[in-house]
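Dear colleague,

Please find below the structure that I am handing over to you. I would be grateful if you could look through it before reading the notes that come after it.

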Amino acid sequence: MFYREDEFEEILPKVELVNFSLGYRLRDFDCGSEDYNVFLSHDAQSYINQNISQVKLLINKQNGDIIGYIAYNTDSFLLDPEEKAKEKLDIPFNSVPALKIGKLAVDKNYKDLPYGSFLLWLSLGILEKINESGVGCRFITVDADITERSDTPDFYSKNGFVLNERVNKKSRTQSVSMRLDAFLDE
């Protein structure tokens with residue numbers, strides 16, 4: 001699934017994934033998208049306070065820079081019978097629980113390494129912790145934002161995500177609904 005695991009193992013000792021805090025240099029973060037920059041510096045704390053989302057920051061251990069961030073919340077999505085068969089799900093319902101990536105962004109200064117893919121890889125650990133806490137969750141979902149970059153779904157596809165066919169049949173102009181089956185390789 002994640003073809004860069006060796007590279008990720010090299011990144012791991014140089015970074016730290018931490019909970020969002022106003023103590024970090026939030027206003028220095030610039031991913032090139034005003035919407036995503038503003039979310040981090042103005043909206044994230046409010047979403048956390050309202051239990052709408054949890055935000056994790058990927059911090060450079062050497063200089064304290066925010067390399068990137070990822071915002072999580074819960075989700076469920078519908079699968080057609082054909083999609084359930086593709087996923088090898090023998091369940092009597094169509095709604096499936098998921099961990100949703102609400103936002104994912106990497107600072108422009110850190111585009112040289114696959115930090116976005118690294119954050120997705122770390123998401124598997126978050127999903128594992130959810131399952132260990134006694135809550136069943138098999139999928140990671142994202143509404144891949146295409147308002148500023150039409151190739152965003154390609155990034156997720158390269159990291160193992162597939163289209164949510166049922167959701168995407170509806171007219172969508174700002175995002176593409178996608179999912180990753182975290183247990184596909186098991």
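The notes below go from the overall fold to the aromatic side chains.

Please bear in mind that this is a predicted model. The protein chain contains six helices and seven strands, arranged along the sequence in the order α-β-α-β-β-α-β-α-β-α-β-α-β. Its radius of gyration is 17 Å, close to the 16 Å that the globule rule gives for 186 residues, so the chain is as compact as a globular protein of that length. The C-alpha trace spans about 50 × 35 × 30 Å along its principal axes.

Of the 186 residues, 44% count as buried. Among contacts between residues at least 6 apart in sequence, 67% join residues at least 24 apart. The accessible surface comes to about 10,300 Å², and carbon and sulfur atoms account for 48% of it. As for charge, there are 22 positive and 31 negative side chains, with the centres of the two sets 3 Å apart.

The structure also holds 10 aromatic pairs. One of them joins Phe-39 and Tyr-47 edge-to-face, at 5.4 Å centre to centre and with 90 degrees between the planes. Phe-39 is buried, at 4% relative accessible area, whereas Tyr-47 is partly exposed at 37%. Both belong to a cluster of Phe-29, Phe-39, Tyr-47 and Tyr-69 that is linked by ring pairs.

Phe-118 and Trp-121 form a tilted pair, 5.7 Å centre to centre with 40 degrees between the planes. These two residues lie three apart in helix H4 (residues 115-132), about one turn of the helix. Phe-118 is buried, with a relative accessible area of 0%, and Trp-121 is buried at 15%.

With kind regards

Key
Residues are numbered from 1 along each chain as its sequence is written. This is a predicted model: local features need pLDDT of at least 70, side-chain atom pairs count only at pLDDT 80 or more; totals for chains, interfaces and linings use all residues. Side-chain values use heavy atoms; hydrogens and water are left out. Helices (H or I, at least four residues) and strands (E, at least two) are DSSP runs, numbered from the N terminus. The radius of gyration is taken over C-alpha atoms; the globule rule is 2.2 Å times the number of residues to the power 0.38. Buried means under 20% relative accessible area, exposed over 50%, partly exposed in between (1.4 Å probe, protein chains only). Contact means heavy atoms within 4.5 Å. Accessible areas come from the Shrake-Rupley method with a 1.4 Å probe; for residues, only the protein chains shown count as cover. Lys and Arg count as positive and Asp and Glu as negative; His and the chain ends are not counted. The place of a charge is taken as NZ of Lys, CZ of Arg, CG of Asp or CD of Glu. Rings of Phe, Tyr and Trp (its six-membered ring) pair if their centres lie within 6.5 Å; planes under 30 degrees apart count as stacked, over 60 as edge-to-face and the rest as tilted.
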